[in-house]
Amino acid sequence: MILVLSFIAAFLSFLLFHRPVMKFLSNVGITAFDMQKPGRPRVPTSAGLMVIIGILGGLFFFIGVNTFVLNIDLNLAYVMAGINAILIITMIGFFDDIYMNPTMSTDKGLPSNRGGLMQSHKAMLTVLAAVPLMAVKAG
């Protein structure tokens, strides 16, 4: 039952923050052309921020209910290490979204200065996400 309630909390926190975060991203200019839609409108990128808000909402709800209501014996060090790993990967994705290439290029005929991180850099940075899990000897 607690898992279902945690899922509902995650979904509701996603719904609560979806529009404000999308509006904020549009206002600060973190947008890109949507190549799949007619007219190629500009849409906000970095939607992973809303996903992480939903994940954290569900996890924190689960931790709160477990700590103050159910008192199930759960090693929270593993949960917190997992949250840290998820946040590190989210930061890497966000940096990839906001990285501006200093040279202006064209993407399918549209001006674009978004280059993103190199694939090798993403792979090396993602290895850092394993450090919190290694610190608690998970897995």
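Is aspartate 96 buried or exposed, and at what relative accessibility?

Author: This is a predicted model, in which local features need pLDDT of at least 70 and side-chain atom pairs count only at pLDDT 80 or more, while totals for chains, interfaces and linings use all residues. Residues are numbered from 1 along each chain as its sequence is written, and side-chain values use heavy atoms, with hydrogens and water left out.

Aspartate 96 has 18% relative accessibility and therefore counts as buried; the term buried means under 20% relative accessible area, exposed means over 50%, and partly exposed lies in between (1.4 Å probe, protein chains only). The side chain of aspartate 96 forms a salt bridge with that of lysine 122, at 3.4 Å from N to O. A salt bridge here is a side-chain nitrogen of Lys or Arg within 4 Å of a carboxyl oxygen of Asp or Glu, and by this rule the count comes to one. Because lysine 122 belongs to helix α4 and aspartate 96 to helix α3, the pair ties together parts that are 26 residues apart in sequence. Lysine 122, at 22% relative accessibility, counts as partly exposed.

Helix α3 itself covers residues 76–98, which is 23 residues. Helices (H or I, at least four residues) and strands (E, at least two) are DSSP runs, numbered from the N terminus. From first C-alpha to last, α3 reaches 33 Å, close to the 33 Å expected at 1.5 Å a residue; the expected span is 1.5 Å times one less than the number of residues.

Besides Asp96, the buried residues of α3 are Val79, Ala81, Ile83, Ala85, Thr90 and Ile92. The buried residues of this helix pack against α2 (48–70), α4 (119–127) and α5 (130–135).

Ile52, Leu56, Ile63, Val79 and Ile83 make up the largest nonpolar core, a set of buried Ala, Val, Leu, Ile, Met, Phe, Trp, Tyr and Cys residues joined through side-chain atoms within 4.5 Å. Two or more residues of this core come from each of α2 and α3, and α2 gives the largest share, three residues. Isoleucine 52 is in contact (heavy atoms within 4.5 Å) with Ile86, Leu87 and Thr90, leaving aside its neighbours within four places in sequence.
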